[in-house]
Amino acid sequence: MATTQKLSAEATSELISFSVNGRAAEISAPGTRRLSRVLRDDLGLTGTKVGCDAGDCGACTVLLDGGPICACLTAVGQVAGCEITTVEGLASRGPLHDQLQQSFLSHGASQCGACTPGMLVAATALLERNSSPDEGEVMDALGGVLCRCTGYRKIIRAVMEAGTSVAPASPAAGAAVGARLVRLDGQQKVDGTEVFGADETCADALGVQVIRSPHHRAQFQFGNLDQFRAAHPGVILVLTAKDVPGVDCYGVIRSYADQPVFAHREARHRGEAVAAVVGEPEVLEALDLADFPIRWEELPPLKTMDEALAADAPRIHAHREENVLVRGRVVCGDVENALARAYVAVEGEYETGFVEHAYIEPEAGFARRVGDGIEIQACTQSPYMDRADIAKILGIAPEKVRIIPTAVGGGFGSKLDLSVQPFVALAAWKLGQPARIVYSRSESIVSTTKRHPARLRLRAGATRDGKLTALDFSADFNTGAYSSWGPTVAGRVPVHASGPYRVPNYRAITRAVHTNLVPAGAFRGFGVPQAAIAQEQLYDDLADKVGMDRLEFRILNALDHHTPTVTGQVLGEGVGIRACLEALRTRWKVARAQTSEFNENSAGPLRRGVGVAGMWYGCGNTSLPNPSTVRIGLKRDGRIALHQGAVDIGQGSNTIVTQICADALGAPVAQFDLVSPDTSITPDCGKTSASRQTFVTGKAAQMAGTKLRSEILKLAGACNCAVLGFADGFVKVADNGKKTTLSLAELPLDGHGYVITCESTFDPPITPLDENGQGKPYAVFGFGAHMAEIEVDIELGTVRVLKVTAAHDVGRAINPTLIEGQIEGGVAQGLGMALMEEFFPGKGENLHDYLIPSAGDVPPVESILIEEPSSIGPFGAKGIGEQAVIPTAPAILNAIHDATGVRIHKIPATPDRVRAAILAKGRRGVRG
């Protein structure tokens, strides 16, 4: 994750000596060169990650004479004569390192792993001076290292309990499902050897720098590019749209593809690529791109949805009328009549902004031409989708494109879209030499997708006894300049905007609207978190108007196995929303009483509140094919190769899928060799998104494991009740007292090089939606409910979350530790969305101005796992990734209302907005 650093051409190298991990080091470099660059590029210590080059994220934390520093802010000249310790060198610091490593693994404190080296180094510095820190001291010590995945709580516990954690034993055959198995890829994350996008390249790789639009909308014209290249020795090629040999149009949804590799004559958003300079890396580092020959003519941009929807607005894409990308619709019953007849009715309008993914790893990768094909190694969530688009861009067959995903340092949806891949592919294809690019943090933020801003309008009605009778929902989503996942958001939200409740009369209408802003795409929930912010606040208002407890209102209206959803689907099983809500009941009553007592006795500005919100989320694609294919092979040595192409972005699919397959086969997890995603050797397991990998790929793995078991039993002439044992070169089969030994060396190998190969594909059973959105959009839904306890300073408008209790129906908890990690990470992202995170294109394109929660912002999280299995899922399991983020923000917003009596209609609820709402309420009270 190292980022490019501009170096002065006149910089003078000097000989600098210091010690690294107990060994003497001497390098010749300018004294101003960043220590992070020296460690990674000159000394090959890539365990030190770089996520910002500004000291904002702390991923580059190392020890300088025993104290933690940011290596990206430290000039190598400053460390002359000093001792540097990186994550690779922590092992030399005695048993503390082993204890801390083991504690991180046991607690599930590392997810994607991008922040883990920095966390471990910072924790080591703390524990060396204080062996028994309290929670506050741990938070302070880790406060300079950001994590976007874990929610920090497991990291904090891992540090506090280092030396006392006991590694869970590897489960026996048939006992993997439900076990708190340490993640199978955990060791390389904690010892710094995991390979992320920027950690590896070819020795002779050229560098690539992208020229991007500084304007939201502008026409442009190039000057003399040949003259520019000639004037800069070491610059080998300048790429523009004319250099694309295939179809210069790509997109994650093929029927809506609209994005060029490089803009043609007009840039549609700030940060859009218009050209790329390819050359020797050290030349590009010193190159001043202000000299690049391009002339801009800024045009009036359409920056708001109102501007884009105006009758006289220019079309951003000529073929899309009214600048509307797509519309969504789900309708059942008679909404207007039901609202007119309702005993009580409420309405509201809410607005959310752009949210940046802020994964710790900026995008990076390299490409090389191999004969008449291309290989790309990069961070991605969707290797086969990448393959299809790169083949289209280069004008070659998909089979000629090999995508090798690296470890992914967080994705959350944005790494589903192409980023660096087209640029390095074109450079390598044209020149026949490897090409590499590493985004800076600002380049990552300015050019990659965001969560969709939304404007949502709702009306709802209920009977005298609190039963929902109708919901009228409409929403516009700002999808930016290109389609990305806009169609998915506009299509998924109408299915989900009712919440997990029975609503007999329902109308949900959505639009994805183009503007001249950065494209909005997938971000953990595909628009459902935005809808939940509106719907769950409105349901609180409806409960209050009926005079009913807010939790009991939700329990009364909760879906069950036999009531139809708003699309007419009757799930029949696996509907755990009522159980989730009921699991909160006792805690809700206690929290309500404690809050009331606190407020009655508070003489100062602090007020407390408690809020609740429910959620549901369909696992997988909405009414579209969604297959995963898994291959499993029995080797001659008795080990089992699991080929599964599901990219693990920290959520744990490498481990979860193996646990499922192991129990289906009847073999211990320790017998498996995982063949990681690579389009040349692993089948297509689809994209890592939409909470689909545990459910869809897990089911395919269960089927493949079951098939291999059947083939082994067939060879042994044994019944299905037989017990399998795997040894070096043998499989032993025990069948009701009869024992058979299969000598694998005596059996022929198949075309895959295995004794037996089995492959299975699972595609969830769904149906298309009709013109009113009626049908079966998902085979399985996950359900959940969160309760937030908060404290508001009514004079300052600040909000502090004290605790979140999260109940989730996961069907079957394949690995409870990993599920808890997903819940805690989702809570942290939901908290950020509720209280602090909003991206303004053209402003704050860094992690200093754009704030995400740090260790001190995330409260204790109590996870309650509900198991309402669905027979469709593997061992009854469902997804959890998206589900965990959805109810947090509305629960916090409902708690703010409970504490202050004000509704926050524009999210996030920043102190100025909360304070303004409180003042406005006071003025209304005076007038009243």
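## A pair of strands and the sheet around them

In this predicted model, strand β29 covers residues 781-793 and strand β30 covers residues 798-809. How many bridges pair them, and in which sense? Eleven bridges join β29 and β30, and the sense is antiparallel. One spot to look for is Gly-784, which stands opposite His-808 in β30.

These two strands belong to an open sheet of four strands, in the order β21-β29-β30-β31, with mixed pairing. At the edges of the sheet are β21 (606-618) and β31 (861-866), each of which pairs on one side only. From one strand to the next, the twist averages 15°.

Follow Gly-618 and you will find its bridge partner, Phe-781, in β29.

## A hairpin and its buried serine

Now turn to another pair of strands. Strand β26 (residues 730-735) runs antiparallel to β27, and six bridges join them. Lys-732, for example, has Thr-741 in β27 as its bridge partner. Together β26 and β27 form a hairpin with two residues between them. In the turn sits Asn-736, whose phi is positive, at about 50°.

Strand β27 spans residues 738-743, and Ser-743 is found in it. Why does Ser-743 count as buried? The cut-off for buried is under 20% relative accessible area, and Ser-743 counts as buried because its relative accessibility is 18%. Leaving out residues up to four places away in sequence, Ser-743 touches Gly-729 and Phe-730.

How many of the residues of α21 are buried? The count is 20 of 20, and the helix is described as mostly covered.

Helix α1 (residues 35-42) is mostly covered too, with six of its eight residues buried. The buried ones are Leu-35, Ser-36, Arg-37, Val-38, Leu-39 and Arg-40. What covers them? The cover includes the strands β1 (13-20), β2 (23-30), β3 (61-64), β4 (67-70) and β5 (83-85), along with helix α8 (281-286). Just after α1 comes Gly-44, which takes a positive phi of about 70°.

## The nonpolar cores

The largest nonpolar core has 92 residues, and the members that touch the most others are Phe-104 and Ile-790. What does Phe-104 contact, setting aside its neighbours within four places in sequence? Its contacts are Ala-109, Ser-110, Thr-116, Met-119, Leu-120, Ile-155, Ala-158, Val-159 and Val-190. There is also a second, separate core of 68 residues, which includes Cys-332, Val-495, Ala-558 and Val-566.

## Backbone details in the loops

Ala-358 has a positive phi, near 55°, although it is not a glycine. Ala-358 lies in the loop between β13 (344-352) and β14 (364-370). Is Ala-358 buried or exposed? With a relative accessibility of 0%, Ala-358 counts as buried.

Arg-524 is another non-glycine residue with a positive phi, near 35°. Its place is the loop between β20 (505-514) and α15 (528-546). Arg-524 counts as buried because its relative accessibility is 7%.

Then there is the peptide bond that joins Ile-907 and Pro-908, which is cis, with omega at about 10°. Where is Pro-908? Look in the loop between α22 (888-900) and α23 (911-927).

The protein chain has a mean pLDDT of 96, and 98% of its residues reach 70 or more. Residues 1-10 are a stretch to handle with care: pLDDT stays under 50 there, and the model has 37 contacts beyond four places in sequence for them. Where pLDDT is low, predicted coordinates should not be read in detail.

Conventions
Residues are numbered from 1 along each chain as its sequence is written. This is a predicted model: local features need pLDDT of at least 70, side-chain atom pairs count only at pLDDT 80 or more; totals for chains, interfaces and linings use all residues. Side-chain values use heavy atoms; hydrogens and water are left out. A nonpolar core is a set of buried Ala, Val, Leu, Ile, Met, Phe, Trp, Tyr and Cys residues joined through side-chain atoms within 4.5 Å. Buried means under 20% relative accessible area, exposed over 50%, partly exposed in between (1.4 Å probe, protein chains only). Contact means heavy atoms within 4.5 Å. Two strands pair if DSSP finds at least two bridges between them. Axes are lines fitted to C-alpha atoms, for helices over the stretch in contact, and angles run from 0 to 180 degrees between N-to-C directions. pLDDT is the predictor's confidence in each residue, from 0 to 100.
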